[in-house]
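Here is a short briefing on one protein model. Look at the sequence and the 3D view first, then read on.

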Amino acid sequence: MKCRKCGSAAVINLRQHRLSLCKEHFNDWFIQHCASTIKKFDMIKPGDRILVAVSGGKDSLGLWDVLLKLGYKADGLIINLGIDAGSEYSARSLEITCKFCGENGQNLHVLDIQKEYGGSVSHFFTRAHPDDQKPCSTCGLVKRHELNRVAKDNGYTTLATGHNLDDEAAVLFSNSLSWNTSQLLRQDPVMEEYGQFVRRIKPLVQFYERETTAYAILNGIEYIEEECPFSTGSKTNYHKTILNKMENEQPGLKYQFYRSFIEKKKTGLLKISENRPYEEHYCQICGQPTSSEGKCAFCRMLEGMDQAVSR
Ligand code: SF4
Ligand code: ZN
Ligand code: ZN
């Protein structure tokens, strides 16, 4: 297998693009493809202050690396969720992210949920749902709320996340199976600023996971290889496995699936009026947008903790 650009030994075959590339030309392609994604979806505007949500994984660290190579100034934010389940997952994520940050001389915000709110994600979850196994709903709630809060509090205009095409295709697949139109409408490479929400962008949305993995490995980016212990057996992983089987039979299927969805959305297939993540309600405690009057789900969760502790 030879590089289509220079004829030397290829390190990767991008089957959906019918393109084999050597290390040098894969890196060029990856960085340029990311730049064109940012441009195509108008993700970054002049004067924007970018905050990258990092987890220590290949996608978020790879994204940070590419943004820096493209000349953007971008700081990082990691949330120490306190997830361990015997694996020290959160501690290791933090260690690897701090290492990347030190080697690249970048600013990193570290938010420790335990120190900030007196309990880890697992702790909050176990209190609220003692019989359930996976704290993913609580984890998602904490991440959504806190990523936005830290970005807003520190004057960032844009929050960049490392979601790749495999992630997005799996979410799209899941939401399509249930025809969850409000979630389908929210799924986009860019969620514009709305009320107290900062703009969210996903610059890796056109890359397959094997491409983001290759980028991290070929560029010597150390990342946490183990997944969160709670991701085993998750619905998302199940949907990813199904899509991978279809992709093997039909290279490019995931790309087509996602890209066609984004194109169709622009034609008004789904009503734009539904494209509002929240009604005009603001939490009376933290001020963030919420779907109903009173307190947001995050503040209700913390309140539940207080009551549980004082009982
Ligand atoms: Fe959080 Fe993801 Fe782990 Fe679930 S699998 S607990 S959402 S990091
Ligand atoms: Zn080459
Ligand atoms: Zn709130």
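Buried means under 20% relative accessible area, exposed means over 50%, and partly exposed lies in between (1.4 Å probe, protein chains only). Helices (H or I, at least four residues) and strands (E, at least two) are DSSP runs, numbered from the N terminus. This is a predicted model: local features need pLDDT of at least 70, side-chain atom pairs count only at pLDDT 80 or more, and totals for chains, interfaces and linings use all residues. Residues are numbered from 1 along each chain as its sequence is written, chains are lettered from A and ligands numbered from 1 in the order in which they are written, and side-chain values use heavy atoms, with hydrogens and water left out.

**Helix α6**

- Helix α6 covers residues 136–153, which is 18 residues.
- From first C-alpha to last, α6 reaches 25 Å, close to the 26 Å expected at 1.5 Å a residue. The expected span is 1.5 Å times one less than the number of residues in the helix.
- The buried residues of α6 include T138, C139, G140, L141, V142 and H145. E146, L147, N148, V150 and A151 are buried too.
- R144 also sits in α6. R144 is partly exposed, at 46% relative accessible area.
- G155 follows α6 and has a positive phi, near 75 degrees.

**Zinc ion (ligand 2)**

- Which protein atoms hold the zinc ion (ligand 2)? Its donors are C3 (SG), C6 (SG), C22 (SG) and H25 (ND1), at 2.1 to 2.3 Å. Donors are N, O and S atoms within 2.8 Å of the metal (3.2 Å for Na, K and Ca); water is not among the atoms, so sites may look incomplete.
- The 4 donor atoms subtend angles of 99 to 113 degrees, which makes the arrangement tetrahedral. Four donors count as tetrahedral if all angles lie between 85 and 135 degrees.
- Ideal angles at a metal are 109.5 degrees for four tetrahedral donors.
- Along the chain, the donors of ligand 2 follow the spacing C-x2-C-x15-C-x2-H.
- C6 lies in the segment before β1 (12–14) and H25 in helix α1 (residues 23–40), so the pair ties together parts that are 19 residues apart in sequence.
- C6 is partly exposed at 42% relative accessible area, whereas H25 is buried at 18%.

**Zinc ion (ligand 3)**

- Four cysteines supply the donors here: C283 (SG), C286 (SG), C296 (SG) and C299 (SG), lying 2.3 Å from the zinc ion (ligand 3).
- This site is tetrahedral, with angles of 106 to 114 degrees among its 4 donor atoms.
- The donor spacing for ligand 3 is C-x2-C-x9-C-x2-C.
- C283 lies in the loop between β9 (281–282) and β10 (289–290), and C299 in helix α12 (residues 297–310), so the pair ties together parts that are 16 residues apart in sequence.
- Both C283 and C299 are buried.

- C228 counts as buried, at 18% relative accessibility.

**Cysteines and disulfides**

- The structure holds 0 disulfides. A disulfide is a pair of cysteine sulfur atoms within 2.5 Å.
- C34 is in no disulfide, and the nearest cysteine sulfur, that of C101, is 19 Å away.
- C34 is buried, at 0% relative accessibility.

- Most residues other than glycine have a negative phi.
- R18 is not a glycine, yet has a positive phi of about 50 degrees. R18 lies in the loop between β1 and β2 (19–21) and is exposed at 71% relative accessibility.
- W179 is not a glycine either, and has a positive phi of about 45 degrees. W179 lies in the loop between α7 (165–177) and α8 (181–186) and is exposed, at 64% relative accessible area.

Methods: Tetrahedral: all angles 85-135°; square planar, octahedral: opposite > 155°, others 65-115°.
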